[in-house]
Amino acid sequence: MELGLHIPNFTYPGGPATLADDLTRVAVTAEEVGFARVSVMDHLFQIGNVGPVELDMLEAYTTLGFLAARTEKVQLLAWVTAVTYREPGLLAKAVSTLDVLSKGRAWLGIGAAWNGEEAAGLGLLFPSTAERFERLEEALQICQQMWSDSDAPYEGKHYHLARTLNSPQPLRTPPILIGGGGEKKTLRLVAKYAQACNLFASPELEHKLEVLRGHCETEGRDYDSIEKTVMMPFNIGEKGENIPAVLEQLRGFAALGVSEVHGSLQDVWQTERLELIGRELIPAVAEL
């Protein structure tokens with residue numbers, strides 16, 4: 001099992017003036033201690049379970065490009081891209097650019113979007129849930145086509161591309177991670193298009209994985225070819241006192257076939273906490 005670091009909060013003690021240095025220190029430390037992936041949210045206002053909407057929030061793909069220049073090994077992604085915030089052709093180009101400039105470390109994390117408040121606030125497209133899922137499937141098809149040898153037109157219900165030219169191509173085809181546990185739509189799209197799913201650490205996890213298995217059977221997809229990831233906070237405690245309990249939870253996930261757990265850390269700018277995870281958790285979960 002691997003651990004990934006999610007960075008949802010950009011309100012640090014030094015404020016915006018030191019944010020570039022703080023983020024660099026966090027990402028470099030995460031890489032040095034053995035985190036496999038680093039992600040940021042694709043939000044424009046802060047979300048409620050992190051803090052008030054007025055807190056600092058950076059745009060995802062600009063931030064990932066910045067982190068690509070300051071790291072060498074960690075995989076980079078938005079967890080997860082809101083499909084309606086960017087036209088799919090531009091999104092495929094952005095992820096391709098990130099992959100080339102990071103020397104092959106970009107993923108496409110994507111979902112159907114949910115934050116109507118920020119979309120309305122900044123005048124972004126935010127249609128009905130049904131339409132957002134239609135657009136998500138078309139966006140997945142467009143990205144796959146743009147990362148192939150074809151530059152043919154794409155004609156969908158919502159998107160019309162005259163020529164899907166993408167030069168340069170990414171150094172590797174970016175793996176696709178679809179976030180969410182919706183049983184009828186999201187997990188079906190995982191089975192059809194994705195290399196990884198992302199589910200929350202909840203009592204429903206085992207059930208969600210069985211639903212995904214059923215969709216794989218319907219789609220003729222090898223269930224084991226899809227990486228299972230889980231999102232959770234790393235509540236290790238002030239001095240790491242909760243690490244044994246966190247490790248036990250991770251063992252339970254590993255028993256279900258989860259191979260990456262992706263999480264946030266309170267006060268992540270205190271990089272000693274990242275170093276503690278690197279010493280106490282990452283080597284232990286590598287054996288799971």
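Axes here are lines fitted to C-alpha atoms, for helices over the stretch in contact, and angles run from 0 to 180 degrees between N-to-C directions. The model is predicted.

**Exercise 1. Describe the packing of α3 against α5.**

Step 1. The axes of α3 and α5 are 9 Å apart, and the angle between them is about 50°.

Step 2. Angles under 35 degrees count as roughly parallel, over 145 as roughly antiparallel and 65 to 115 as roughly perpendicular, with the rest oblique. The pair α3 and α5 is therefore oblique.

Step 3. The crossing of α3 past α5 is right-handed.

Step 4. On the α3 side the contact is made by P88, G89, A92 and K93, and on the α5 side by A139, I142, C143 and M146. Sorted by class, this contact of α3 with α5 has 6 nonpolar residues, 1 polar and 1 charged.

**Exercise 2. State how α2 and α3 are oriented, and which residues make their contact.**

Step 1. Helix α2 covers residues 60-70 and helix α3 covers residues 88-101. Their axes come within 10 Å, with a crossing angle of roughly 15°.

Step 2. Because of that angle, α2 is roughly parallel to α3.

Step 3. The handedness of the α2 and α3 crossing is left-handed.

Step 4. From α2, the contact uses Y61, L64, G65 and A68; from α3, it uses L91, A94, V95 and L98. The class count for α2 with α3 is 7 nonpolar and 1 polar, with no charged residues.

**Exercise 3. Characterise the largest pocket by volume, lining and class.**

Step 1. The volume of the largest pocket is about 1,100 Å³.

Step 2. Its lining has 48 residues, and those closest to the pocket centre are H6, I47, N49, F200 and M231.

Step 3. The elements that each supply at least two lining residues are the strands β4 (81-82), β8 (176-179), β9 (196-200) and β10 (227-233), together with the helices α5 (129-146) and α7 (205-219).

Step 4. The largest share of the lining, 4 residues, comes from α5.

Step 5. The lining of the largest pocket divides by class into 25 nonpolar, 17 polar and 6 charged residues.

**Exercise 4. What is phi of K103, and where does K103 lie?**

Step 1. Phi of K103 is near 65°. This is a positive value in a residue other than glycine.

Step 2. K103 is placed in the loop between α3 and β5 (108-111).

How values were computed: Residues are numbered from 1 along each chain as its sequence is written. This is a predicted model: local features need pLDDT of at least 70, side-chain atom pairs count only at pLDDT 80 or more; totals for chains, interfaces and linings use all residues. Side-chain values use heavy atoms; hydrogens and water are left out. A crossing is left-handed if the near helix is turned anticlockwise from the far one by less than a right angle, and right-handed if clockwise. Contact means heavy atoms within 4.5 Å. Ala, Val, Leu, Ile, Met, Phe, Trp, Tyr, Cys and Pro count as nonpolar, Asp, Glu, Lys and Arg as charged, and the others, Gly among them, as polar. On a 1 Å grid over the protein atoms alone, a cavity is a set of points where a 1.4 Å probe fits but cannot get out, and a pocket is an open set with protein on both sides within 12 Å along at least five of seven lines; lining residues have an atom within 4 Å of a point. Grid points are joined across faces, edges and corners, and a volume is the space filled by probe spheres set on the points.
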